[in-house]
Amino acid sequence: VDTGVQSIDILDVTNAADPDGDPINVINIVAAGGNPGGIDTSDPNNWKVNTNFYDLDPDETETIVYTFSVDDGNGENVPVIGTIIIRGTAPGPLERTVTEDTGEITFNDIP
C-alpha cells in the first residue's frame, strides 16, 4: 500500500513556461480553502502532500484550494488557482490523478 508523502511538481502540472526562456518560479502561495495541514509548500515549485494527515473514509474527500503566481523574475507573472483533492479509498494502491485543464490534482488516500 503506497500512502504517505507524494510530490507535486507545480511547474510541470501547470504546464508553465516563459516564452522568452526566462527561469520561472512559484510565488505568493496562499491557502484559500480546505485544510492545508497535510500540504508542505516550503519548496514553492515542488509541493509535498502527506495523505496520512487526512483520515478519510472511502469516497470521503478533502479539497484544498491554493492561489499562487508563476513569475519569470522580470516583472511578468501569471495568477493561478490550484485545487488538490484527497479522496479516501478502500485498501489498495494510492492513485494520483492530474487534470491539466482544471488545475486539479487528486490523491486517493488509503484509510
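Biologist: With which side chain does the side chain of Asn45 make a polar contact?

Modeller: The partner is the side chain of Asn25, at 2.9 Å. Please bear in mind that this is a predicted model.

Biologist: Which backbone nitrogen lies 2.8 Å from a polar atom of the Asn45 side chain?

Modeller: That is the backbone nitrogen of Val26.

Biologist: Where does Asn45 lie, and is it buried or exposed?

Modeller: Asn45 belongs to the loop between strand 3 (39-40) and strand 4 (46-50). It counts as buried because its relative accessibility is 15%, and the cut-off for buried is under 20%.

Biologist: Which residues does Asn45 touch, leaving aside those up to four places away in sequence?

Modeller: Asn45 touches Ile8, Asp9, Ile10, Leu11, Ile24, Asn25 and Val26.

Biologist: Let us turn to Val26. Where does it lie?

Modeller: Val26 is in strand 2 (residues 25-33). Val26 is buried, with a relative accessible area of 4%.

Biologist: And what does Val26 touch, with residues up to four places away in sequence not counted?

Modeller: The residues are Ile10, Leu11, Pro44, Asn45, Phe68 and Ser69. Val26 and Phe68 are 42 residues apart along the chain, and their C-alpha atoms are separated by 6.7 Å.

Biologist: A change of topic: how many aromatic pairs does the structure hold?

Modeller: There are 3 aromatic pairs. One of them is formed by Trp47 and Phe68, edge-to-face, with 5.5 Å centre to centre and 75° between the planes. This pair links distant parts of the chain, since Trp47 is in strand 4 and Phe68 in strand 5 (residues 61-71), 21 residues apart.

Biologist: Are Trp47 and Phe68 buried or exposed?

Modeller: Trp47 counts as buried at 2% relative accessibility, and Phe68 counts as buried at 5%. Ring pairs also link Trp47, Tyr66 and Phe68 into a cluster.

Biologist: Finally, what is the strand order in the open sheet of 3 strands?

Modeller: The order is 1-4-3, with antiparallel pairing. Strand 1 (5-9) and strand 3 stand at the edges; each has a single partner strand, so one side of each is left without a neighbour in the sheet.

Biologist: How many bridges join strand 1 to strand 4?

Modeller: 5 bridges join these antiparallel strands. Asp9 stands opposite Asn46 in strand 4, and Asp9 is also among the residues that Asn45 touches.

Methods:
Residues numbered from 1 in each chain as written. Predicted model: local features only at pLDDT ≥ 70, side-chain atom pairs only at ≥ 80, totals over all residues. Heavy atoms only, no water. Helix = DSSP H or I, 4+ residues; strand = E, 2+ residues; numbered from the N terminus. Buried < 20%, exposed > 50% of the residue type's maximum accessible area, 1.4 Å probe, protein only. Contact = heavy atoms within 4.5 Å. Polar contact = N/O pair within 3.5 Å; in protein donor to acceptor, adjacent residues only side chain to side chain. Phe/Tyr/Trp six-rings, centres within 6.5 Å; stacked < 30°, edge-to-face > 60°. Pairing = 2+ DSSP bridges.
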